[in-house]
Amino acid sequence: MWSFFVQNWGSLLVAAILAAVVAGIIFKLKADKKKGTSSCGCNCGHCPSAGVCHTKPRQ
C-alpha cells in the first residue's frame, strides 16, 4: 500500500490541489448566492436570463 503512494505521489498531490481549488470555487459560489450577489456583474437590461437570475425572494 505504501509503495502505491510513493510511486504516485505527484499525481496524488495534483489531484489534491485540484480538489481543493474546486471545493473553494463551490464554497465561493454558494457564499455569493447566499449574499445575493451575482457572478456576472453586468447590466441585466440586455440579458435574456435577467428574470431567472435575479428573482425576488418569497415573503
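How much accessible surface does the chain have, and what share of it belongs to carbon and sulfur atoms? In this predicted model, the accessible surface of the chain comes to about 5700 Å², and carbon and sulfur atoms account for 67% of that area. Buried residues make up 2% of the 59 residues in the chain.

**Overall layout and confidence**

The chain has three helices and zero strands, and its elements follow the pattern α-α-α when read along the sequence. Confidence averages a pLDDT of 82 over the chain, with 73% of the residues scoring at least 70. Among the elements, helix α2 has the highest mean pLDDT, at 93, whereas helix α3 (residues 50-53) has the lowest, at 69.

Helix α2 covers residues 9-35. At 1.5 Å a residue, its 27 residues should span 39 Å, and this agrees with the 39 Å that separates its end C-alpha atoms. The residue that follows α2 is G36, whose phi is positive, near 90°.

The structure holds one salt bridge, in which the side chains of K28 and D32 meet at 3.0 Å, taken from N to O. Side chains of opposite charge can pair when their charged atoms come close. Both K28 and D32 lie in α2, four residues apart, which is about one turn of the helix. An α-helix has 3.6 residues a turn, so residues three or four places apart point the same way. The two partners are placed in separate accessibility classes: K28 is partly exposed, with a relative accessible area of 48%, whereas D32 counts as buried because its relative accessibility of 14% is under the 20% cut-off.

A search of the whole structure finds one aromatic pair. The rings of F4 and F5 have their centres 5.7 Å apart and their planes at 70°, so the pair is edge-to-face, given that planes over 60 degrees apart fall in that class.

Which residues make the nonpolar surface patch? The patch, of about 700 Å², is made by M1, W2, F4, F5, V6 and L12, so the two residues of the aromatic pair, F4 and F5, are also among its members. Helix α1 (residues 2-7) gives the most to this patch, with four residues. M1, by contrast, lies in the segment before α1 and counts as exposed, at 75% relative accessibility.

The table gathers the accessibility of the residues discussed above.

| Residue | Relative accessibility | Class |
|---|---|---|
| M1 | 75% | exposed |
| K28 | 48% | partly exposed |
| D32 | 14% | buried |

Technical notes: Residues numbered from 1 in each chain as written. Predicted model: local features only at pLDDT ≥ 70, side-chain atom pairs only at ≥ 80, totals over all residues. Heavy atoms only, no water. Phe/Tyr/Trp six-rings, centres within 6.5 Å; stacked < 30°, edge-to-face > 60°. Patch = residues over 30% accessible without salt bridge, like charges linked within 9 Å, V, L, I, M, F, W, Y side chains within 5 Å. Areas by Shrake-Rupley, 256 points an atom, 1.4 Å probe, with all protein chains shown as cover. Salt bridge = Lys/Arg side-chain N within 4 Å of Asp/Glu carboxyl O. Helix = DSSP H or I, 4+ residues; strand = E, 2+ residues; numbered from the N terminus. Buried < 20%, exposed > 50% of the residue type's maximum accessible area, 1.4 Å probe, protein only. Expected span 1.5 Å × (residues − 1). pLDDT = per-residue confidence, 0-100.
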